[in-house]
Amino acid sequence: MSDPQNYQVGWICAIETEYVAAKAFLDEIHKASEYLSPSDNNDYTLGKVGNHNIVIAILPDDEYGTTSAASVARDMLHSFTNIRVGLMVGIAGGAPSATHGIRLGDVVVSAARDGKDGVVQFDFGKRVQCREFQRFGFLNQPSTVLRTAVVGLRSQHTVHGHQLDESVNAILQKNPRLQEKFARPDKKTDILYHSDFLHAQGADNCGNMCGNDPSILKLQSKRSKDDDTVIHYGLIASSNH
Ligand SMILES: [Zn+2]
């Protein structure tokens, strides 16, 4: 039986798709622990990545948002009292800009920029008549050990590349059932529309329903094969809407 005291990294997923992917990347899966706090409502997967014992938890079905994430994190800390690092890993929307050409499948790592700590609470602030929305919600900076690890990893990637695509492909080969839902979709489906284009109502497939006339599309520069997936570092916006 796994002892909760042996786990120092807590990983929270918001939705099932993320939970499945997280579990698939564990090098080892450990037996569930029976020694959990009686008031703990979480569902856990325990395991190991490299040398690190990891506990993964998921938000309740059909419940997202920062309040829900906070209560899952609190329950986790009640049962796994030695957790030193908490990670929120999941799917997000990327807004490409002139400086950050974010595409489908890219990875964004939260990092402090311009004196602002890694995560902006995008909808937290003050609205006053005739003035712009004043935003003042920022999460505390991650611990030094994480911030130095980011630089260490990034420098390693600069020399050797990140091999993310190889790792994902290896997982898909090992778990063929994941292929359909988790493999990288055809590049042709990554279409970027101008932000003022009005999409067809109820469209779940823009390619079929909204068209791909060049006048409504924003051109994206071609990427070389070597950097199919790009890792971006900077501020992440988090909000409930
Ligand atoms: Zn559309």
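**Exercise 1. Find where Gln163 lies, and state what marks its backbone and how accessible it is.**

Step 1. Gln163 sits in the loop between helix 3 (144-160) and helix 4. Helices (H or I, at least four residues) and strands (E, at least two) are DSSP runs, numbered from the N terminus.

Step 2. This is a predicted model, in which local features need pLDDT of at least 70 and side-chain atom pairs count only at pLDDT 80 or more, while totals for chains, interfaces and linings use all residues. Residues are numbered from 1 along each chain as its sequence is written, and side-chain values use heavy atoms, with hydrogens and water left out.

Step 3. The phi angle of Gln163 is near 55°, a positive value in a residue other than glycine.

Step 4. Buried means under 20% relative accessible area, exposed means over 50%, and partly exposed is in between (1.4 Å probe, protein chains only). Gln163 has 41% relative accessibility, so it counts as partly exposed.

**Exercise 2. Examine Asp61 and Asp62, and name the patch to which they belong.**

Step 1. Asp61 is in the loop between strand 4 (52-58) and helix 2 (66-79). Asp62 is found in the loop between strand 4 and helix 2.

Step 2. Asp61 counts as exposed because its relative accessibility is 76%. Asp62, at 65%, also counts as exposed.

Step 3. Phi of Asp62 is near 60°, which is positive although the residue is not glycine.

Step 4. On the surface, Glu16, Asp61, Asp62 and Glu63 gather in a patch of negative charge. Patches are made of residues with over 30% relative accessible area and no salt bridge; like charges are joined within 9 Å, and nonpolar side chains (Val, Leu, Ile, Met, Phe, Trp, Tyr) within 5 Å. Asp and Glu count as negative and Lys and Arg as positive, while His and the chain ends are not counted. The place of a charge is taken as NZ of Lys, CZ of Arg, CG of Asp or CD of Glu.

**Exercise 3. How many salt bridges does the whole structure hold, and which residues form them?**

Step 1. A salt bridge is a side-chain nitrogen of Lys or Arg within 4 Å of a carboxyl oxygen of Asp or Glu. Side chains of opposite charge can pair when their charged atoms come close.

Step 2. Searching the whole structure gives 2 salt bridges.

Step 3. Arg74 and Asp75 meet through their side chains, at 3.2 Å from N to O. Arg74 is partly exposed because its relative accessible area is 46%, whereas Asp75, at 4%, counts as buried.

Step 4. Asp165 pairs with Arg184, and their closest N and O atoms are 4.0 Å apart. This pair links distant parts of the chain, 19 residues apart: Asp165 is in helix 4 (residues 164-174), and Arg184 is in the loop between helix 5 (179-182) and helix 6 (206-209).

Step 5. Asp165 has a relative accessible area of 21%, so it is partly exposed. Arg184 counts as partly exposed at 39%.

**Exercise 4. Is Ile54 buried or exposed, and which residues does it contact?**

Step 1. Ile54 belongs to strand 4.

Step 2. Its relative accessibility is 6%, so Ile54 counts as buried.

Step 3. Contact means heavy atoms within 4.5 Å. With neighbours within four places in sequence left aside, Ile54 is in contact with Tyr7, Val9, Trp11, Leu26, Thr45, Leu46, Gly47 and Val49.

Step 4. Ile54 and Leu153 are 99 residues apart in sequence, and their C-alpha atoms are 19 Å apart in space.

**Exercise 5. Which residues of helix 1 are buried, and what covers them?**

Step 1. Helix 1 (residues 16-24) has Glu18, Tyr19, Ala22 and Ala24 buried.

Step 2. The cover over the buried residues of helix 1 includes strand 1 (9-13), strand 3 (44-49), strand 4 and helix 4.

**Exercise 6. Describe the chain as a whole.**

Step 1. The chain contains 6 helices and 10 strands.

Step 2. Its C-alpha trace spans about 60 × 55 × 40 Å along the principal axes.

Step 3. Of the 241 residues in the chain, 24% are buried.

Step 4. Among contacts in the chain with a separation of 6 or more, 62% are between residues 24 or more positions apart.

Step 5. There are 24 positive and 28 negative side chains, and the centres of the two sets lie 6 Å apart.

How values were computed:
Accessible areas come from the Shrake-Rupley method with a 1.4 Å probe; for residues, only the protein chains shown count as cover.
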